[in-house]
Amino acid sequence: MDRHLHAVPLDAFELLGIETHATEAQIRTAYRKRSLQLHPDKVKDVPPDQAAERFHQLTLAYEELMNPASRAKLQESLQREREKLKRQAAFDVKRRTMTADLERREEQDRLQRMERERQRLARQQRILALREEGRAMRIDKHERLLEAWQQRTSRLNPVSTQALTSTPDSSSTLTELPPWDANDSWVLVRFPTEQAHEMWGSTAAPEPLTSSPLCLALASSYGPLASASVKPSHKQRREISVVVQFLHGVHAWRAVSEGSDLRCSHVLLQDCWIRWCDASGKATSLPPQRVQACLARGITAQDMSVQLSTALTDCGDHFDHDYEARTLKRLRQAAAMHVAA
């Protein structure tokens, strides 16, 4: 009987159609019923060789189950197999649960990424809209300041010229003022570090510095420059200092009068702080003697610039009254190109 053990199917109980805890009487009864059903002489719809093999397997199963030792062994094997299948089923359920949970978390992460990207794009659009709004406001402000400046420089304002004409001869009033000193044209310009690229037009300060957008803006707003250099700093500061020398003290006075209050009309100079300084770049709150004398007589930097542009008393340089208009036109064109891009 043992020599046929390897040919016996594992689930002999299933072949006989009985439970694993069936008694020998139940095994014999089940065998008689199955043998009548599977006997080759009774089966007509199956080829004889297959019918004979099937009946042979049934007989081997019956013999093994009638042996208590082999039946116990088969029962143990079936029990192990069923426990294995049960563990696999539980593992499959757990794996499907983990897979579903992983897919759910991946979907949540995808939705969160989409939401963050949507918020980033919306924030970027708001920033661009605010920039365009600020650009439009600055251009509008520049246009109004330019119009007011052109009106003031196209004709002498009686109120502005009153201080200059308080004496019979305005030239004598200017003559009585202290002369311009060579050191009266130095100013210190400071701006936030994050604007360095915009001020330099590149990642580093150009050589010469007078060709930078910052110096060109100063020259177009107040007057030509003689020199400009970056003031070195040993501390990690959040601003950059530039020492600038104008060709004339009046130009420096105009720059300080607006830059000290952060009200420069040029778009690029909106955040620039400008003060008097000496040739070494040391800031000072004391204006030059010429400026002090003018202020004592009620003469402002604008009054002095008007006198220069009409009488050319203090400076012989020709000032182009249409330069600011051309600058504003270029700013408008740049803004339109930026919006179109």
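What follows is a short tour, from the whole chain down to its sheet.

## Ground rules

This is a predicted model, where local features need pLDDT of at least 70, side-chain atom pairs count only at pLDDT 80 or more, and totals for chains, interfaces and linings use all residues. Residues are numbered from 1 along each chain as its sequence is written, and side-chain values use heavy atoms, leaving out hydrogens and water.

## The chain as a whole

You'll find twelve helices and four strands here. Of the 341 residues, 34% are buried, meaning under 20% relative accessible area with a 1.4 Å probe, protein chains only.

Contacts are heavy atoms within 4.5 Å. Among the chain's contacts with a separation of 6 or more, 66% are between residues 24 or more positions apart.

## A helical stretch

UniProt, in an unreviewed entry, puts a "coiled-coil region" at residues 97-131; such annotations may be inferred rather than shown by experiment. In the model, residues 97-131 are 100% helix and 0% strand, with 50 Å between the end C-alpha atoms.

In soluble globular proteins, nonpolar side chains tend to be buried together. A nonpolar core here is a set of buried Ala, Val, Leu, Ile, Met, Phe, Trp, Tyr and Cys residues joined through side-chain atoms within 4.5 Å. The largest one has 36 residues, and Val187, Trp200 and Phe246 are among those with the most contacts inside it. Helix H9 (residues 249-259) gives the most to this core, five residues. Apart from it lies another core, of 16 residues, including Leu16 and Leu74.

What does Phe246 touch, leaving aside residues up to four places away in sequence? Its partners include Val187, Leu218, Tyr222, Pro224 and Ala255.

## The sheet

The four strands form an open sheet in the order E2-E3-E1-E4, paired antiparallel; two strands pair if DSSP finds at least two bridges between them. At the edges sit E2 (225-230) and E4 (273-276), each pairing on one side only. From one strand to the next, the twist averages 25 degrees.

E2 and E3 (residues 239-246) run antiparallel and are joined by five bridges, and Ser229 stands opposite Val243 in E3. H9 packs on the sheet, touching E1 (186-192), E3 and E4, and its direction makes about 130 degrees with that of E4. Such angles run from 0 to 180 degrees between N-to-C directions, using axes fitted to C-alpha atoms, for helices over the stretch in contact.

Key: Helix = DSSP H or I, 4+ residues; strand = E, 2+ residues; numbered from the N terminus. Buried < 20%, exposed > 50% of the residue type's maximum accessible area, 1.4 Å probe, protein only.
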